[in-house]
Amino acid sequence: MRITTLFFLLFTVFQVQAQSGKKVMSVIDFLNVPGVSNPQLSPDGSELVYVFSESDWDANKQVGHIWKVGIDGSNSYQFTYGDGGEGSPAWSPDGKWISFIAKRGDNEASQLYLIRANGGEGKQLNTHKTGVSNYTWAPDGKSIYFVATDTLSSDEETAKKENDDVYLYDENYKQKHLWKITLEDEKEAQITSGDYSILSYDLSADGKKIVFHKGVNPLYDYYPKSNVWVMDSNGENAVQLTDNDVAESGAKISPDGSQVLFTAFTNKDFELYYNDKLFVLPADGSSKAVVPIKDFPYEVSTAEWAADGKSIFLIANMGSQTQLWQFQLSNKKLTQLTKGNHSVGGWDYEPKLGKHVMTVSTMENPGDVFKLENGSLTQVTHQYDYLAEEYYLPKQELITWKGKDGVKVEGLVYYPHDYQKGKKYPLVVQTHGGPASSDKFGFSRSFTRYNAVFTGKGYVVLQPNYRGSTGYGDDFLRDMVGSYFHQSHLDVMAGVDYLIKEGVADGDKLVKMGWSAGGHMTNKIITFTDRFKAASSGAGAINWIGMYAQSDVRTYRTPWFGGTPWQKDAPIDKYWDHSPLKDISKVTTPTLVVVGESDPRVPLPQSLELYRALRSNGVPTHLLVAPREPHGWQELRHRLYKINMELDWFAKYALDQTFEWEKVPEKAD
């Protein structure tokens, strides 16, 4: 009887797939989903270029090349073909050239290349010893500015060759400075020098001024010590505009050179830990920066001046979606320019034309390029059309529930394509990183969020935007200030209970997973409840006291606990009370522990401490360590192993099933 029933079910599945021509997404299918990024509109608005990245299993990574397409979607084709790939395309001001960054031949570092806009062979423009990043065309098209790391001294070069390589931790960096290369003679000139770093910069419309973020060094933990400066484009007459102990970013100078905008993770008084806000100040530093938009509950991710300087375009994180807005400086009017259940990603604005192009992510499309025209979005590229045509994709829905204290909480639910109302499904609960972030509408390509694979295997997925998420106002975000796990984990569990009550989730088949802050949350929840049958903790903190020193960043962690763990009268009790390690003896959930060996953000010792504790207490566990990997894993084989291991773990402990591991694709003939 059981064999007959199983045969009938399998036959039905295959029959439906044959009739529709679609199939469920495998792990390999997921890892082969390409990337579209960095759209750049041509100066005349007729074409755009972008980077298209595809999985290369021989190279063990995704490799990007530049593609070109007409703004009407016509004549789409691959524009560059270098073995190592290319990135960061940009048009020359006259539209005759396209520049890009690549590492080719014997070059040890990435260099600038030029190629004619109508095609041809890419020409290497420079040979900078430490490589090129963050470049910008001068408005006259005669030169290109770029940032490069300082070179090693001759003594340092000798020591490196002789493996005399003991170093002083956190002191073994090189500063980053601004350079310029002239196209006519291909000569480089250094614009800035000294014991500081140029973290980012913006060139004025007339090419005479540069606004930049000046850092004491390039280390991430020191970003709050950076400030906004402005100088002449030759590096002279530098003037400091801000003097704050917060990390400011995205400084842009207005078209007439009179004002500067930037964003910062603060309130108007530059007190830390608020949704990122837009700031504006005079370019001569005559007065302090102000927040021009009052009572805006969303996070301002990035901003740009309109061509006339009378308004500002901005990308706003609205919790479950990301949209483009426009703010009029004179009358303080805000207008939302894009709407819908999607997230705007890579965005390019051409001031002279007043045109916008951007990537837009939905559940059916991870982010093709769209143009904004007459108030509506029109698709330009079609790299992802195949997904909806070939695969069963999840249904994505925004739901709301009440936290334990009655506050409204949102989350995204992913349902299997053949979801049946009234049937209970195993539930995977994914918590986002940050934690100052949020889960949004769209198709995630992250190796930590392979939801199309989960739903294809019959799981429902919940992504809760718990207390501490951005895009829901400052009070919602700051619930973590003074106490990391305050309402956040309770919000997650309230969402789980809501789906169980609604008859969607099977309370006996719950799975918990997350990466970074999502891993922190996983560690907390397995100590808080035994309701989850399986869990995966990815790059998660277990002991906040040790984590504070081990991580490459501390600034954003200090507000959680009200001070450092080593200051006089340190709030050690708060650090320990919110450390999942304190309650690790309560854990019974079989838990995978996953981390990159070279992760600076949530280093290996945190995962090792969790693993040792679980194993000592007899809880089923494994510690997966990926060599060479930083916080975000890059190698395809590592990503495949992690996903295989998690699916196997969840099937075993939550579903009482076996899982057949997928293998690396064989070479194509």
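Student: In what order do the eight strands of the open sheet follow one another, and what is the pairing?

Tutor: The model is predicted: local features need pLDDT of at least 70, side-chain atom pairs count only at pLDDT 80 or more, and totals for chains, interfaces and linings use all residues. Residues are numbered from 1 along each chain as its sequence is written, and side-chain values use heavy atoms, with hydrogens and water left out.

The open sheet has the order S28-S29-S31-S30-S32-S33-S34-S35, and its pairing is mixed. Strand S28 (395–402) and strand S35 (621–626) are its edges, each pairing on one side only. On average, neighbouring strands are turned by 20° against each other, direction ignored. Here strands (E, at least two residues) and helices (H or I, at least four residues) are DSSP runs numbered from the N terminus, and two strands pair if DSSP finds at least two bridges between them. Axes are lines fitted to C-alpha atoms, for helices over the stretch in contact, and angles run from 0 to 180 degrees between N-to-C directions.

Within the sheet, S29 (residues 408–415) and S31 (residues 460–465) pair in the antiparallel sense over five bridges. One of the residues involved is leucine 412, whose bridge partner in S31 is glutamine 463.

Helix H7 (residues 488–501) lies across S28, S29, S30, S31 and S32, at about 110° to S28. Helix H13 (residues 636–655) also packs on the sheet, touching S30, S32, S33 (534–538), S34 (591–596) and S35, and its direction makes about 155° with that of S32.

How values were computed
Contact means heavy atoms within 4.5 Å.
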